[in-house]
Amino acid sequence: MTHPQPFRRVEKLNQVIRGWINYYALGSMKTVLTDIDAHLRTRLRVIIWKQWKVPSKRQWGLQKLGIGKDRARQTAYMGITTNG
């Protein structure tokens, strides 16, 4: 099973959300959409994090996003212990 690129997921999510907004345009949607937005952003982060399966790939991805090398390494290897 192949996973679509994150931008395609975001594109599809935008289509669905626009549809919801147009359909449920009655009443205040701001609070509801803020909650949905927070949830979707979290889920997208989890999906990307799981695609970066190994800590070295996670470090690379974080650095590519502009995180400093030390902070990226610390975050990528969080929870990984070595037997030594």
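Of the 84 residues of the chain, 13% count as buried, a term that stands for under 20% relative accessible area, with exposed meaning over 50% and partly exposed the range in between (1.4 Å probe, protein chains only). The model is a predicted one, in which local features need pLDDT of at least 70 and side-chain atom pairs count only at pLDDT 80 or more, whereas totals for chains, interfaces and linings use all residues. Residues are numbered from 1 along each chain as its sequence is written, and side-chain values use heavy atoms, with hydrogens and water left out.

The chain holds four helices and zero strands, in the order α-α-α-α from the N terminus on; helices (H or I, at least four residues) and strands (E, at least two) are DSSP runs, numbered from the N terminus.

The largest pocket contains about 260 Å³ of space. A pocket is an open set of points on a 1 Å grid over the protein atoms alone, where a 1.4 Å probe fits, with protein on both sides within 12 Å along at least five of seven lines, and lining residues have an atom within 4 Å of a point. The elements that give two or more residues to this lining are H1 and helix H2 (30-51), and the largest share, eight residues, comes from H2. Among the lining residues are Val10, Asn14, Asp37, Arg41 and Ile48.

Tyr23, located in helix H1 (residues 6-23), is exposed, with a relative accessible area of 63%.

Key. Points joined across faces, edges and corners; volume = space filled by probe spheres on them.
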